[in-house]
Every structure is written in C-alpha cells, then in structure tokens.
Amino acid sequence: MPRLAVLVIAGGLGLWLVALLAIGPVLAWAAAGPALLPEGAADVCRRCLSAANPFPGQAASGPVPAVLLLAPTAALTLVVGAGLLRSLLRADAQARSAAGVLLPGAQHRWVQGHDVTVVEAERPFALTLPARRGGIVLSTAALHALADDELAAVLAHEDAHLRQRHHLVSALVDGLAAPLLWVPVVRAAVDALPHYLEIAADDRARRSVGTPALVGALLKLGERGHPATALPSGRVVLQAAGPERIRHLVRPVGGWAGALPAGALAGYLVGMAALSAAVHLPYAAAALSGCGL
C-alpha cells in the first residue's frame, strides 16, 4: 500500500514535530509562572497555564520561569513555518528553472488521453514537472521506442505523480524536515519518501496497464540520469527510473512480512498523536475561552 506508506511517512514526520513542540508546554505546566513578565501579564499567563493544564494539582515553584520554557516551542514553530514557506518557493523556482532547460521548442500533444509536452531528444526519457510548469514530459525518442501498452504504462505512472500531488508532498516534507535533518528519524523519512512516491506511481500504472508493460517501459527508459544531470538540484523532476524498481514489480514481497513493523509503527504514531493532542488541545481550548478569565 504505497500511498498509505507516503501518508505514514509524511504524517509521521509531522506528528514527530508536533510531539517535539509539546515538550515546552508540558514543562511550563510544572513551573510556577513567567516571573520575567510584568505583574499583570504574568498573572494572565499563570491563569492561562492553569486553565490549560489537564493534570490535577498546582504547579510547583521552579528556578526556570515558564516563559523561557515556552519560548523554544514558539521559536521552533516559527522556524518550521519559515522552512515550509521557503521550501514551497524554492520548489517553484526550481520547477521554473527546469522547465526553462527542458521545454524550449517543446510541443504539446494529446497522447492516449493525456496532455503531454513532447521534447525533441535522441534519448528516451519520461518525467513529470508540476502541472503549471509543464506536467508530463516525453522525449520524441521515448515515443518511438515504446510500444502502445508501454507508453500507456508510462503515461499512467506520470499521471499518478500529478493526480496524487507528489511534487507538493515532496516540498512539504522537505520544508518540515529542513531545520531538523541532523535528527536520524527525520533524515530517514526524507530519504525514504522519494522511493515510496515512485512505487505509488508504479502501483497506479501496474493496476491500469499491467506489470509486463510497465517493466518493459522501464527497461527501455533505463536508469535515471538523463536529462536530470542538466537540471537544478531538488525533487521537482519526478522521473521514470529504471532497474532498481523492476525487482519490486516482478517479485513483490507478499504475505505478512511487514505486518509486525507496520503494527509497531502504527502504535507509535497513535501514541504520539494521543499524547500531543493531550498537550496542545488544552492550550488551544484555554486560548479560545480567554484562559478562564
């Protein structure tokens, strides 16, 4: 279930960040209050902390004021938000640059029910840019090399990238992860995502046309490397890759081989979601109700 895997990777990364952001508020509940604030503001903040705290009992006096415990959470929230915006803007700029490299002189054609941008080139390749920057791109060599069923498989694969918004998913995950790539779990999620996006597109093509046609197309298109070597860095170009995916198509792992790790991961994510909700929802409810004032 590759689309579910993409959702788990992207959603799991988001949940991990939300859980990380919950540390500051939890510690603030244990503090007596923001002693560094003026008296009136400190009283309001104490009431907010008291109204948001789902645990019984009064906060204990501590050496660190609550405002200092909440500040890192606020700062990280701003950093992640800025990273998301920067990632989206950078992805659009890279897509525009890639279109400038690939598409001068290209022609739009209607191929097997798909709007395709056809590029004059001697090597066969197929790739997808964001829809507003060109969408599905095929070389003339690919049109000549691929049989009808193989071409249908490639078009189904590339169309899946567009319909499932894989460019947007990549940009969002890159933006969330940007300030935390030094964390192993974050880097692992970022590294795994492109593989599952390709498998998800393969799954759509396999269901639409069949495995033999898709494998035949991948063999003819070969390893990725052209024309990606001439394009900007980043994941704005989702390109039909070659032999590394064929084994997954012709000899997929079946049965319950992944049930135990999938169940453990599901339990981990549910636990993080529940704990994060127990922290953030009381804060949101307190803010919306005026902190019980």
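Reply: Asp203 is buried, with a relative accessible area of 16%. Buried means under 20% relative accessible area, exposed means over 50%, and partly exposed is what falls in between (1.4 Å probe, protein chains only). The model is predicted: local features need pLDDT of at least 70, side-chain atom pairs count only at pLDDT 80 or more, and totals for chains, interfaces and linings use all residues. Residues are numbered from 1 along each chain as its sequence is written, and side-chain values use heavy atoms, with hydrogens and water left out.

Asp203 lies in helix H8. That helix covers residues 184-209. Helices (H or I, at least four residues) and strands (E, at least two) are DSSP runs, numbered from the N terminus.

Which partners does Asp203 have in salt bridges? One is Arg206, with the closest N and O atoms 2.4 Å apart. Another is Arg207, where the closest N and O atoms are 2.9 Å apart. A salt bridge here is a side-chain nitrogen of Lys or Arg within 4 Å of a carboxyl oxygen of Asp or Glu. Both arginines share helix H8 with Asp203. Arg206 is three residues from Asp203, about one turn of the helix. Arg207 is four residues from Asp203, again about one turn.

Are these two arginines buried or exposed? Arg206 is partly exposed, at 31% relative accessible area. Arg207 counts as exposed, because its relative accessibility is 63%.

Arg206 also takes part in the packing of H8 on its neighbour, helix H9. From H8 come Asp202, Ala205, Arg206 and Val209. They meet Thr211, Ala213 and Leu214 in H9. These residues divide into four nonpolar, one polar and two charged. In that count Ala, Val, Leu, Ile, Met, Phe, Trp, Tyr, Cys and Pro are nonpolar, Asp, Glu, Lys and Arg are charged, and the others, Gly among them, are polar. Contact means heavy atoms within 4.5 Å.

How do the two helices lie? Two packed helices are described by the angle between their axes and the distance between the axes. H8 and H9 pack at about 125°, with their axes 7 Å apart. So H8 is oblique to H9. Axes are lines fitted to C-alpha atoms, for helices over the stretch in contact, and angles run from 0 to 180 degrees between N-to-C directions. Under 35 degrees counts as roughly parallel, over 145 as roughly antiparallel, 65 to 115 as roughly perpendicular, and the rest as oblique.

Now follow H9 itself. It spans residues 211-221. Its buried residues are Ala213, Leu214, Val215, Gly216, Ala217, Leu218 and Leu221. What do they pack against? The partners are strand S3 (126-128) and helices H5 (140-145), H6 (148-163), H8 (184-209) and H10 (246-250). Just after H9 comes Gly222, with a positive phi of about 75°.

The side chains of Lys220 and Glu150 meet at 2.8 Å, N to O. This pair links distant parts of the chain: Glu150 sits in helix H6 and Lys220 in helix H9, 70 residues apart. Glu150 is buried, since its relative accessible area is 11%. Lys220 counts as partly exposed, at 40%.

Setting aside neighbours within four places in sequence, Ile199 is in contact with Pro2 and His248. Ile199 and His157 are 42 residues apart in sequence, yet their C-alpha atoms are 9.4 Å apart in space.

Where does this part sit in the whole? The protein has 11 helices and five strands. It holds 293 residues, of which 43% count as buried. Take the contacts between residues at least 6 apart in sequence: 71% of them join residues at least 24 apart. The structure holds eight salt bridges. Elsewhere, Asp92, Arg96, Arg132 and Arg133 are linked in a network of salt bridges.
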